[in-house]
Amino acid sequence: MGNVYVTDHPLIQHKLSYIRDVKTGTKDFRDLVEEVSMLMAYEITRDLPLADKPIQTPLCEMTAKQIAGKKLGIIPILRAGLGMVDGVLRLIPAAKVGHVGLYRDPETLEPVEYYCKLPTDVEERELIVIDPMLATGGSAAAAIQFLKDRGAQNIKLMCLIAAPEGIAKVQEHHDDVDIYIAGVDEKLNEKGYIVPGLGDAGDRLFGTK
């Protein structure tokens, strides 16, 4: 069973409180999502392997540590996942970025794919699927399945806020995927929104309704 990691660092929790606040405008919301995504990327990359590398400091030669040839891929779920990409790339700028486009049918709440463009070597990469919200879990589970269908073998999921129902859905369908989140909320409401949540992440990121 994949593990669930709640990144409860004080800076993350502090910034998350402003992300949730209805009074936070689009620009600040976007900046905060990027900042929290960068801080979470620090946690999600904690287990990357290191290798020795000889270098020359201004004083002498030494053996330093560098990440050991691990290919990474960032896969935002469109559209809200785009708001997290730059924050992750600030820490791991060499990562390739793919995109999975899904929308949730308002009647069935089931995910519908409309776009999928991935790096050609996804089977060789450790992939991080990113989306601010893990609500019903349908979109995340579907996106992960799309990646597996194309050969991906090492996948993690990173979200800002999750409902227990969404966590359970991903674990039910993908018990090999670790989930990284900044907050686990109470429940979903009758419309499939996380409560207390933060509203519609895509609308708040891009100023739409």
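Guide: Contact here means heavy atoms within 4.5 Å. The model is a predicted one. By that cut-off, and leaving out residues up to four places away in sequence, Asp 200 touches Arg 79 and Tyr 193.

Visitor: Why is Asp 200 called partly exposed?

Guide: Buried means under 20% relative accessible area and exposed means over 50%, with partly exposed in between. Asp 200 has 29% relative accessibility, so Asp 200 counts as partly exposed.

Visitor: Where does Asp 200 lie, and what does its side chain reach?

Guide: Asp 200 lies in the loop between E13 and helix H6 (201–206). Its side chain reaches the backbone nitrogen of Gly 202 at 3.0 Å. The limit for a polar contact is 3.5 Å.

Visitor: Which residues does UniProt place under "binding site"?

Guide: The UniProt record, an unreviewed entry, gives Ile 194, Gly 199, Asp 200 and Ala 201. From this set, Ile 194, Gly 199, Asp 200 and Ala 201 are in the lining of the largest pocket.

Visitor: What makes Ile 194 buried or exposed?

Guide: The cut-off for buried is under 20%. Ile 194 has a relative accessible area of 6%, and is therefore buried. Ile 194 belongs to strand E13 (residues 194–195). Setting aside residues up to four places away in sequence, Ile 194 touches Met 133, Leu 134, Ala 135, Ile 161, Ala 162, Ala 163, Asp 185, Lys 187 and Leu 188.

Visitor: Which peptide bonds are cis?

Guide: One of them joins Leu 78 and Arg 79, with omega about 5°. Arg 79 lies in the loop between E4 and H3. Another runs from Val 195 to Pro 196, with omega near 5°. Pro 196 is in the loop between E13 and H6.

Visitor: How do you know that the buried residues of H1 line one face of the helix?

Guide: The buried residues of H1 are Ile 12, Lys 15, Leu 16 and Ile 19. Seen down the axis of H1, they fall within an arc of 110°, so they line one face. Their cover includes H2, E10, E11 and H6.

Visitor: What puts the buried residues of H5 on the same side?

Guide: In helix H5 (residues 164–173), the buried residues are Gly 166, Ile 167, Val 170 and Gln 171. The arc they cover around the axis is only 130°, and they are therefore on the same side of H5. Among the elements covering them are strand E1 (4–6), strand E9 (133–134), helix H4 (138–149), strand E10 (154–162) and strand E11 (178–184).

Visitor: What makes a set of residues a nonpolar core?

Guide: The residues must be buried Ala, Val, Leu, Ile, Met, Phe, Trp, Tyr or Cys, joined through side-chain atoms within 4.5 Å. The largest such core has 34 residues, and Ile 19, Met 40, Met 158 and Leu 160 have the most contacts inside it. Elements that each supply at least two residues of this core include helix H1 (10–20), helix H2 (26–44), strand E4 (72–78) and helix H3 (82–91). H2 gives the most, with 7 residues. Apart from this core lies another, of 25 residues, including Val 100, Ala 142, Ala 152 and Ile 167.

Visitor: What is Ile 19 in contact with?

Guide: Apart from neighbours within four places in sequence, Ile 19 is in contact with Phe 29, Leu 32, Val 33, Val 36, Leu 160, Leu 198 and Arg 204.

Technical notes
Residues are numbered from 1 along each chain as its sequence is written. This is a predicted model: local features need pLDDT of at least 70, side-chain atom pairs count only at pLDDT 80 or more; totals for chains, interfaces and linings use all residues. Side-chain values use heavy atoms; hydrogens and water are left out. UniProt positions are given in the numbering used here, feature names are shortened, and annotations may be inferred rather than shown by experiment. On a 1 Å grid over the protein atoms alone, a cavity is a set of points where a 1.4 Å probe fits but cannot get out, and a pocket is an open set with protein on both sides within 12 Å along at least five of seven lines; lining residues have an atom within 4 Å of a point. Helices (H or I, at least four residues) and strands (E, at least two) are DSSP runs, numbered from the N terminus. Buried means under 20% relative accessible area, exposed over 50%, partly exposed in between (1.4 Å probe, protein chains only). A polar contact is a pair of N or O atoms within 3.5 Å; within protein, one must be able to donate a hydrogen and the other to accept it, and residues adjacent in sequence count only if both atoms are side-chain atoms. The arc is that of the directions from the helix axis to the C-beta atoms.
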